[in-house]
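Student: I'd like to go through this fold with you and ask what the terms rest on. Can we start with the structure itself?

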Amino acid sequence: MVSRSATARRDASPYAQELYLKSVKPTISVLLIGVGNRGRWPVERCRPENGWQIVGLVDQSEQHLAEARALAGVPAAACFRDVAAALAATRPQAMIVCTP
């Protein structure tokens, strides 16, 4: 049997669902290092609804950064070519590193 509150959350507006998720699931700020090829999966899966907030992207390729930025919806100021600069600017709680 599905509880009434579970049904209400499922049928709620996207904004209400987002508020509910934030209330029950902490958001972890994450810096993604290496966002091309093998590094694309974290860009696709680190979403607020999954408890993640992408605070920065790092890659040596401008093309990879541009593609990941468009997919993640982060501002240009959150894109870096240097890990140390990205860490200093974003101060993430976690990092996912996908580099050769």
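Student: Which residues of the largest nonpolar core touch the most other members?

Tutor: Val30, Leu32, Val35, Ile54, Leu57 and Val74, out of 16 residues in that core. Bear in mind this is a predicted model, where local features need pLDDT of at least 70, side-chain atom pairs count only at pLDDT 80 or more, and totals for chains, interfaces and linings use all residues. Residues are numbered from 1 along each chain as its sequence is written, and side-chain values use heavy atoms, leaving out hydrogens and water.

Student: What makes a set of residues a nonpolar core?

Tutor: The members must be buried Ala, Val, Leu, Ile, Met, Phe, Trp, Tyr or Cys, joined through side-chain atoms within 4.5 Å. Buried means under 20% relative accessible area (over 50% is exposed, in between is partly exposed; 1.4 Å probe, protein chains only). The 16 residues here meet that, so they get the name.

Student: Which elements supply at least two residues each?

Tutor: β1 (28–33), β2 (52–58), α4 (62–72) and β4 (94–97), with α4 giving the most, 3 residues. Those labels are DSSP runs, numbered from the N terminus: helices are H or I, at least four residues, and strands are E, at least two.

Student: What is Val30 in contact with beyond its neighbours within four places in sequence?

Tutor: Contact means heavy atoms within 4.5 Å, and the partners include Trp52, Ile54, Ala94 and Ile96.
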